[in-house]
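The sequence and structure are shown below.

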Amino acid sequence: MFNKSFDLEYIQKLSANTINETLGIEMLEIGSDFIVGKMPVDARTHQPFGILHGGASVVLAETLGSLASFLCLPNQKEQKAVGLEINANHIRAVKSGWVYGKATPIHIGSKTHIWDIKIKNEEGKMVCISRLTTMII
């Protein structure tokens, strides 16, 4: 499903000087039809009450889904995947450590992709469930 010419090192280089680098988001694994990344839960990603900010979870979700869409494109030089719509349900608070997100496809079309992104804490408990629609331009 994914274009095999890209590896984790290349994907991580795409994050230089972006919000991903600022928040400490790292890609961990590219599978045949999924991508996994992690994000620290610390001062960069906290909301004022000392827990993971829902917006930071959404940044992780959109990062994973957008990268997954990018990896599906047959011509990355002429095509781009951009976020069209995202929603998130925040299920559990996290105070510290890491959260791990996994994006899997729901729909891969020629003009839109839809991704299911599940974010879990270090114990494997659900933190956030998100759905991202990307548009291919």
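The text that follows treats the salt bridges and then a surface patch.

The model is predicted.

| Salt bridge | N to O distance |
|---|---|
| Lys13 and Glu9 | 3.5 Å |
| Asp42 and Arg44 | 2.7 Å |
| Lys118 and Asp116 | 2.8 Å |

Side chains of opposite charge can pair when their charged atoms come close.

The pair formed by Lys13 and Glu9 belongs to helix α1, which covers residues 8–14. The two residues are 4 positions apart in this helix, or about one turn. Lys13 counts as exposed because its relative accessibility is 55%, and Glu9 is likewise exposed, at 52%.

Asp42 is bridged to Arg44. Asp42 has a relative accessible area of 23% and is therefore partly exposed; Arg44, with 42% relative accessibility, is also classed as partly exposed.

In the salt bridge between Lys118 and Asp116, the partners fall into separate classes of accessibility. Lys118 is partly exposed, with a relative accessible area of 34%. Asp116 has a relative accessibility of 14% and so counts as buried, the cut-off for that class being under 20%.

Apart from these charged pairs, the surface carries a nonpolar patch made up of Leu84, Met135 and Ile137. Together, these residues present about 280 Å² of accessible area. One of them, Leu84, is located in strand β3, which spans residues 81–90.

Note on methods
Residues are numbered from 1 along each chain as its sequence is written. This is a predicted model: local features need pLDDT of at least 70, side-chain atom pairs count only at pLDDT 80 or more; totals for chains, interfaces and linings use all residues. Side-chain values use heavy atoms; hydrogens and water are left out. Patches are made of residues with over 30% relative accessible area and no salt bridge: like charges are joined within 9 Å, nonpolar side chains (Val, Leu, Ile, Met, Phe, Trp, Tyr) within 5 Å. Accessible areas come from the Shrake-Rupley method with a 1.4 Å probe; for residues, only the protein chains shown count as cover. A salt bridge is a side-chain nitrogen of Lys or Arg within 4 Å of a carboxyl oxygen of Asp or Glu. Buried means under 20% relative accessible area, exposed over 50%, partly exposed in between (1.4 Å probe, protein chains only).
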